[in-house]
Amino acid sequence: MIREKSGKEPAKLAKGVVAVAPPSFRRERALIKRGVWPVAGCDEAGRGPLAGPVVAAAVVLDPKRIPKGIDDSKRLTPERREELFEEICATASFAVAFASPARIDRDNILRASLWALARAVHALPEMPKHVFVDGRDRLDIPCDCDAVIGGDGLVISVAAASIIAKVSRDRMMCKLAEDCPGYGFESHKGYGVPEHLAALDRLGPTVHHRRFFAPVAAARERLRATMDGGEVIPMETQFSVEIVAAG
């Protein structure tokens, strides 16, 4: 991935290893100097899993109280994400929204993600004047919006949103694990790891699974075939939970 030039050569840690610069407040600061404020960062978590919602977050950082260590959530340990989640919630304005598996099935994962991101922006205490969103697609919102590829590693507001979205979704999947035992949601968070695929074969899909994702559809077809064969099989588990944070 190509990073923005900061005017300094990246520090070399060892032969063939280059340090990755953390996201910066540069873009937000440039807008502030032009009188544009509030400025929000947006990101989502959960496009790839087979189960659970896609969770979107919008964050407006306080320029005077930016927690240290904010980075792309994928580059942080779960423990550090939890710590930064609490710090961001205590110092920034934020909103979290999610698109359910039913919406994902209806609209497709991209449209559902963009819908959730726009919903998170609208849920902020104050509508921002400008939004940075991770990815290629701009949002349908009543303010200026820049889509930044790799934004969670470049724009600190987007990185903060990636942390809020990731931790919120992880907590939601742990809650689903209590209601849907046997699937391992608390460990893999709905991704298609071998443990999850084995549980799908054994237990069948729940209403929290994305029906048209290939492994889920295949598991459903196998169960239907078993039903046609006259054997008794478990019906789809019926549970629901909604967790949304805002502040």
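Trainee: Why does Lys74 count as exposed?

Mentor: Happy to walk through that one! This is a predicted model, and in it Lys74 has 63% relative accessibility. Exposed means over 50%, so Lys74 qualifies.

Trainee: What makes Asp72 buried?

Mentor: Its relative accessible area is 6%. The cut-off for buried is under 20%, so Asp72 falls on that side.

Trainee: How do you know that Asp72 forms a salt bridge with Lys74?

Mentor: Look at the closest N and O atoms, which are 3.2 Å apart. The limit is within 4 Å, so the pair counts as a salt bridge. Asp72 and Lys74 also belong to a network of salt bridges with Asp152.

Trainee: Nice. Why is the contact of Glu86 and Arg171 called a salt bridge?

Mentor: Their side chains meet at 3.0 Å, N to O, and the definition asks for within 4 Å. This pair links distant parts of the chain, with Glu86 in helix H2 and Arg171 in helix H5, 85 residues apart.

Trainee: And why is Glu86 called partly exposed?

Mentor: Its relative accessible area is 45%.

Trainee: What makes strand E3 mostly covered?

Mentor: In E3, 7 of its 7 residues are buried. One of them is Glu44, at 18%, where buried means under 20%.

Trainee: How do you know that E3 and E4 pair?

Mentor: Pairing takes at least two bridges, and E3 and E4 have 5, in the antiparallel sense. Ala45, for one, stands opposite Val55 in E4.

Conventions: Residues numbered from 1 in each chain as written. Predicted model: local features only at pLDDT ≥ 70, side-chain atom pairs only at ≥ 80, totals over all residues. Heavy atoms only, no water. Buried < 20%, exposed > 50% of the residue type's maximum accessible area, 1.4 Å probe, protein only. Helix = DSSP H or I, 4+ residues; strand = E, 2+ residues; numbered from the N terminus.
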